[in-house]
There are 2 protein chains.
Amino acid sequence: MDIASFVTSLLTSFIIFVVLVLVFTWLSRRPSNAPVYYPSVLLRGLDPWEGRGRGTRSPVGWIRQALAASDADVVAAGGVDAAVYLVFLSSVLAILALSAIVLLPVLLPVAGTDHALEKSAGYAPNVTEFERLALGNVQDGSSRLWAFILAVYWVSFVTYFVLWRSYKHVSNLRAAARSTSDVKPEEFAILVRDVPIPSPDQSIKDSVDSYFRALHPDTFYKAMVVTDIKKADKIFQEIEGHRQKIAHAEAVYAESKTTNKPEGTKPTHKPGFLGLIGKKVDTIEYCNEKIKELLPKLEDEQKNTLSEKQQRAAIVVFNNRAAAASASQTLHAQMFDEWTVAEAPEPREIIWSNLPRKMYDRQTRQTVVYLIVFLTVVFYMIPITAISAVTTLDKLKEKLPFLKVVVDQPLVKTILQAYLPQLALIVFLALLPTLLVFLSKSEGLPSQSHVVRAASGKYFYFIVFNVFIGYAIGASLFSALKQVINNPPGIFQTLGAKLPGNATFFLTFVALKFFVGYGLELSRLVPLIIFHLKKKYLCKTEDEVRAAWAPGDLGYNTRVPNDMLIVTIVLCYSVIAPLIMPFGVAYFALGWLVAKNQVLRVYVPSYESNGRMWPHMHTRIIASLMIYQATMIGIIGLKKFYYSAVLTPLLIISLIFAYTCHTRFYPAFAKTPLEVASQELKEMPNMGAIYTAYIPPCLKPEKLEDVEVFEDAQSRTTSRAPSF
Amino acid sequence: MDIASFVTSLLTSFIIFVVLVLVFTWLSRRPSNAPVYYPSVLLRGLDPWEGRGRGTRSPVGWIRQALAASDADVVAAGGVDAAVYLVFLSSVLAILALSAIVLLPVLLPVAGTDHALEKSAGYAPNVTEFERLALGNVQDGSSRLWAFILAVYWVSFVTYFVLWRSYKHVSNLRAAARSTSDVKPEEFAILVRDVPIPSPDQSIKDSVDSYFRALHPDTFYKAMVVTDIKKADKIFQEIEGHRQKIAHAEAVYAESKTTNKPEGTKPTHKPGFLGLIGKKVDTIEYCNEKIKELLPKLEDEQKNTLSEKQQRAAIVVFNNRAAAASASQTLHAQMFDEWTVAEAPEPREIIWSNLPRKMYDRQTRQTVVYLIVFLTVVFYMIPITAISAVTTLDKLKEKLPFLKVVVDQPLVKTILQAYLPQLALIVFLALLPTLLVFLSKSEGLPSQSHVVRAASGKYFYFIVFNVFIGYAIGASLFSALKQVINNPPGIFQTLGAKLPGNATFFLTFVALKFFVGYGLELSRLVPLIIFHLKKKYLCKTEDEVRAAWAPGDLGYNTRVPNDMLIVTIVLCYSVIAPLIMPFGVAYFALGWLVAKNQVLRVYVPSYESNGRMWPHMHTRIIASLMIYQATMIGIIGLKKFYYSAVLTPLLIISLIFAYTCHTRFYPAFAKTPLEVASQELKEMPNMGAIYTAYIPPCLKPEKLEDVEVFEDAQSRTTSRAPSF
């Protein structure tokens, strides 16, 4: 890539960015767009324009507001998880900025005043300023390379320093959040899995009750056995669907009244398949009847579920937080595969169907999933190629004859033939995060947040190996892997040989990503269009409008690995081509600003894991750092500079640093310290409400007073044993 | 080694064994030897000849008794640890016996009917029967090798099967021991380390008290802060010494009276250095005065220690077992390096001086110790060679001129010059276990049993690497290591090439070890002689006689690694030269019998870790198995039989087996399951006695009622904070 096209591409994306920011400034000031630009604010019952200061109306008001918001504001708006994500961005920003401050003034002159590129005859006229200011311009074996070695040390120690401080900061954030005096159901409960098969005269509920009552006589409150709710949930969803239809139909009916027909038209629909088949019926009447029909069915099914469909897992509720924290950390049974306990997830993020999975089932699933992910990361090109081979145009025409008219156009044909493999690749890459979430869910993890963490880890490996290493080596990872098996350290030599040549590509990649990506993120053009379309043509009731602007959460499972890719790229090039650093700094500075704005105003967390994402981020930053260190050993070694071995201790230091952080900070993330759980509560907890929080919606009785009945139903069953 | 010398050496050791067993049978029947052959029985207050049945007087009575003793008898006599050691021996016996049953009838004919050795011309006349019946006699690439491959699979699966059953068995032993209704102080207490520096107006005792009272308001009983007892202990030991001297002197005095001098001679001694300098004094008077002088000093020092020398560690006592078990498993502080908790060791095995060590201190020490051990294992020959170079005879004569007369004898001179390096080696090897115990203690481990486990692990690596691999490869491990670094799997090819040639050496080694070793162990000749000498010339009081026959414990730190060496040798040769199997079976059958006898009658446990040694033994048996499997891949590969790769999955299966056992059984060894700790107690525990058990002897007040004072003293101190 020559300098002209580089500048062109940079300028283009910058212009796109400026346009998108202007669009954002203009659109976000129109009150009718508030649900798109301020959904989080609205949901918390605040007025987006009042109270929050004058800044909002000025074009840079959002920047001022984002800068002014404190940790507490962020936690209030987006929870600890969002705050931790911002800490992640600001930590990376700090690492890159502190590195750049030293690297730019030192390395640019050192590289720029050497002449390696000019000396290799014939290339001289093509040398761009960018290439002159990089490691490639330093001559082989030159003692100038010492500066580069010291730079690697500087970057590494800056990283350790920043990460250490950040881990401390996040630990405090987590502890502060966990020791608030609010009553949170998950702090009073533990999750029990692998309940052994009870004796035949006992129900599972009875055996859980008597086991925990015996071991925690003073602190046990109640246990709720997990049940198989598939059928009850199906009926429940059906009823909900009918209710929504009634609400929609009533709104349509009311609307039709206001026009010249005062009696209105009653909405009708065909009840058959997809609303296409059958006789037209009055929607409101029909649905009401259906609900009447289904309600007793649901009640029957609820009773049946509670007594007959008990599964071998339970949520056990304690009457104080310290007891629950202590119980979740204590080994209960002598056999490891019975009565395993863990901290209970939040009610809203529990994956009920995964809870009853047995330990060996979980282990097997995990192994299989890891294997699939490994194969996907290494061989993902093979199915893509196979698919694109199968889906040639001729095959497509055969299968879908109606495409023939379109496909036979010469222009369309050429384009399709050229891009079909790429199309398959793009579709695959777009579906990958969903696939990884699905795979992680199949492992048998108990909660949504855990699934997101697991999927995020898998995506990181995919993205770093394929996009970064794959592109840099310029070969399929498969052939790289063959080489790795034969000569493990060789991959870093190959990386060292290939990376410098690709500097401009990655620089453009980073620039594109932040200009266009953040522009789109900030302006929210896609949600805006969808919202207005839906509101105009589809939504009739308040609930439907609300669903149309529901912002969702930050989507950590793709967001974090994408950021991590940039971290890896910028770190790896930091010393090879220091000019990449300003772009990296800009990426994370802007990213932090935009993310803070979005956290404060847009996204609504769908769960709260109190920052359990952080240890994952931390480990992955260190992984990136180690890829960088190993690559640098390779690159400086290739420069025939045999002191490159001076860098080897850094790898060991990184491992020791990771280990130290793990032993020092991780336990407080994996477990709840008793200190934290023993904080005084503001009020006496309402134990009934805590228990009720864990009843799945489809099993909740209509009135909350009936919870007692719910519990009786769990205990009654076929039991002949005395009920406690 | 030819067949004649092999048989000779075998016969010699067998004769020695028979003689020693006869000596044992004869000596153990004489009542005056009872303290040597039945010390454990005597200490438990039983009569060795009464009650235990008629068998005792017959020559094979001890065998009958050992066979008849149940697990419960063993636990009663030697504790769970001894029972677990017997399970270890019987497990290995089962592995070898089950393997031999299949291997001998299958492999001996397969090897014996081939002709590889005869075909390699010139060697034919020297082929012994032993060599003909081994793997070496099978021709390269012959499909007979399939039998050997299947044999490796058989041995491996037999090992998995036996180990799995044994782990279950030991788990049950441990659970049974832990859930007895006896009150054991360690089950009510936890060990707290890394207590943070308290605020200046609080003593450490106060801060521990208030911290645990706040976190465990209902179950906290009392805390005892660890103090620096070095000075108090010195005075206490001095007083004890004087008391013993008085008792001895009084016995001597009483003896002198009975002879013709009715008034007797008062014993005297010189109080100066080593009893050589100074004026003679009356021992009884002198010592009584000294004690009178020291007692107030001790009391002062006790008070001073309790208030001023508090250390940042404590034993916290709870008022029930479940609370202690739960507390020891719960993370207390948010910062990992503060308030770390662990199960409390038994009072008698606590290493007080290690308790106050800070976490980072412990980690650093551990790293340094591991490094030293690694260097010792790999380079131990270097210092030995250096020492023997320095201690040449001439140097010795210079330093110790009085040796000149002896050394200048020509015969002595020749012997010394030839054996000095070997002597240095022998001294080093004799001191090694002590050195390893010292090193393990320096790691900062809190208890004696933990030190023994750690030292045993280190000794295992030393012994397997140096004796087995070192001898087999026939080179120093250092050069082997160089090779390993260049080509990791190469070591197993080298082993494969060298092992078969050394079969007879190792066979003789095993035979010698069990005939002579077990003969000496059973006959206890050395303790017998020492006991009789001491009794005759040194001991005057009952206590002194008792000390003379104190049997000590089994000494797991050398015993287990030595047995493990035999396991490794026999496993590795099981398929190469199946004739080694009967010797292995005999070693462990005899070992089990002798050890059971010694446990029942001789050794007295000095601590009880409830079988925590087992996971270590288990892991090391698997390590031996994996060395065996890897070696077999090398050996069969060298036979130009390319199906040897069929064995590779075994290594992976071994790892999976180890991992599965670890996740399944280990937690119940590392922690106390709540199920077990919640068993009902026979009687209300006497909390005062439990607390008192943890007071070090030198701080114990003369009367136990003064314990309150002890506690007050700990709290009083300089505290201005309200005392709880």
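Helices (H or I, at least four residues) and strands (E, at least two) are DSSP runs, numbered from the N terminus. The model is predicted, so local features need pLDDT of at least 70 and side-chain atom pairs count only at pLDDT 80 or more, while totals for chains, interfaces and linings use all residues. Residues are numbered from 1 along each chain as its sequence is written, chains are lettered from A and ligands numbered from 1 in the order in which they are written, and side-chain values use heavy atoms, with hydrogens and water left out.

In chain B, four strands make up an open sheet. Their order is E2-E5-E1-E6, and the pairing is antiparallel. Two strands pair if DSSP finds at least two bridges between them. Strand E2 (220–227) and strand E6 (340–343) of chain B lie at the edges. Each has a single partner strand, so one side of each is left without a neighbour in the sheet. On average, neighbouring strands of this sheet are turned by 30 degrees against each other, direction ignored. Strands of a sheet pair through backbone hydrogen bonds, either parallel or antiparallel.

The individual pairings in chain B can be followed across the sheet. E2(B) and E5(B) are antiparallel and share six bridges. Phe220(B) has Phe318(B) as its bridge partner in E5(B). E5(B) also pairs with E1(B), in the antiparallel sense, over four bridges. Here Ile190(B) has Val316(B) of E5(B) as its bridge partner. Strand E1 (residues 189–193) of chain B is joined to E6(B) by four bridges, again antiparallel. Leu191(B) stands opposite Ala342(B) of E6(B).

Contact means heavy atoms within 4.5 Å. Axes are lines fitted to C-alpha atoms, for helices over the stretch in contact, and angles run from 0 to 180 degrees between N-to-C directions. Helix H9 (residues 204–215) of chain B lies across E1, E2, strand E5 (310–318) and E6 of that chain. H9(B) runs at about 150 degrees to E2(B). Helix H11 (residues 283–308) of chain B lies across E2 and E5 of chain B. Its angle to E5(B) is about 90 degrees.

In chain A, strand E1 (residues 189–193) has five of its five residues buried, so the strand is largely enclosed by the rest of the structure. Ala189(A), Leu191(A) and Arg193(A) point one way from E1(A). Ile190(A) and Val192(A) point the other way. Four bridges join E1(A) to strand E5 (residues 310–318) of chain A, in antiparallel fashion. Leu191(A) has Ile315(A) as its bridge partner in E5(A). Four bridges also join E1(A) to strand E6 (residues 340–343) of chain A, antiparallel too. Val192(A) stands opposite Val341(A) in E6(A).

Most residues other than glycine have a negative phi, and most peptide bonds are trans. Trp339(A) has a positive phi of about 50 degrees although it is not a glycine. This residue is in the loop between H12 and E6 of chain A. Trp339(A) counts as buried, at 6% relative accessibility. Trp339(B) also has a positive phi of about 50 degrees. Its place is the loop between H12 and E6 of chain B. Trp339(B) is buried, at 6% relative accessibility.

The second largest pocket has a volume of about 1300 Å³. On a 1 Å grid over the protein atoms alone, a cavity is a set of points where a 1.4 Å probe fits but cannot get out, and a pocket is an open set with protein on both sides within 12 Å along at least five of seven lines; lining residues have an atom within 4 Å of a point. Grid points are joined across faces, edges and corners, and a volume is the space filled by probe spheres set on the points. Of the 45 lining residues, Asp218(A), Thr219(A), Asp218(B), Thr219(B) and Ala323(B) are the closest to the centre of this pocket. H12(A) gives the most to the lining, with five residues.

Leu435(A) belongs to helix H17 (residues 410–442) of chain A. Leu435(A) counts as partly exposed, at 35% relative accessibility.

Conventions
Buried means under 20% relative accessible area, exposed over 50%, partly exposed in between (1.4 Å probe, protein chains only).
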